[in-house]
Structure formats: C-alpha cells, structure tokens
Amino acid sequence: MTEAAPGDVVLFKGTDPENSRIGHIGIVVENIGGDVKFIHSTSGKRYSVTITPLSGHYETRFVKVIRIL
C-alpha cells in the first residue's frame, strides 16, 4: 500500500464472504507512510460519505488499488 496515491481507486469485495466480486469502491485521499485513508459512500445505518482508514473491516475485504491516468 505504500505506492497508493491520492486519486487512486480502491477496490473491495462485497460483504458476502461467499462472493469474491467487487462490491465496494473508494478513492484514496491520503497515504502517510502506508497508512491509507479513502473516501467512500457507506451503507447500513449511516448512509453517508466518509473518510476511513484502510484497516480492520475494510482491510479484510481489500482487493487492490488502481491508478487511472
């Protein structure tokens, strides 16, 4: 993750552990020493746009980062 840069797209699996399809995306807003934060839309109880560290729940669903030129 040290190469992730602001503007890169982060891909995640969906919440169904039986399905490995991409189910969520975000955009990198910060990467300080490998501590990546991304902006994304949430679902469930919050239904909002938020900036979240790429750790915990999202780290387990992480697939890859894509740089779009």
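User: In this predicted model, what makes strand 1 and strand 5 a pair, and how do they run?

Analyst: Strand 1 is joined to strand 5 by 4 bridges, and the two run antiparallel. Pairing requires at least two bridges between the strands, so they count as paired.

User: What makes the nonpolar surface patch, and which elements give two or more residues to it?

Analyst: Ile27, Val29, Ile39, Val49 and Ile51 make the patch, which covers about 410 Å². Strand 2 (22–32) and strand 4 each give two or more residues. Ile51 is in strand 4. To belong to a patch, a residue needs over 30% relative accessible area and no salt bridge, and nonpolar side chains are joined within 5 Å.

User: Why is Thr2 called exposed?

Analyst: Its relative accessibility is 65%. Exposed means over 50%, so Thr2 counts as exposed.

User: Where is Thr2 found, and which residues does it touch beyond four places away in sequence?

Analyst: Thr2 is in the segment before strand 1 (9–13). Leaving out residues up to four places away in sequence, Thr2 touches Asn31 and Gly34. Between Thr2 and Lys64 the C-alpha to C-alpha distance is 12 Å, with 62 residues separating them in sequence.

Key:
Residues numbered from 1 in each chain as written. Predicted model: local features only at pLDDT ≥ 70, side-chain atom pairs only at ≥ 80, totals over all residues. Heavy atoms only, no water. Buried < 20%, exposed > 50% of the residue type's maximum accessible area, 1.4 Å probe, protein only. Contact = heavy atoms within 4.5 Å. Patch = residues over 30% accessible without salt bridge, like charges linked within 9 Å, V, L, I, M, F, W, Y side chains within 5 Å. Areas by Shrake-Rupley, 256 points an atom, 1.4 Å probe, with all protein chains shown as cover. Salt bridge = Lys/Arg side-chain N within 4 Å of Asp/Glu carboxyl O.
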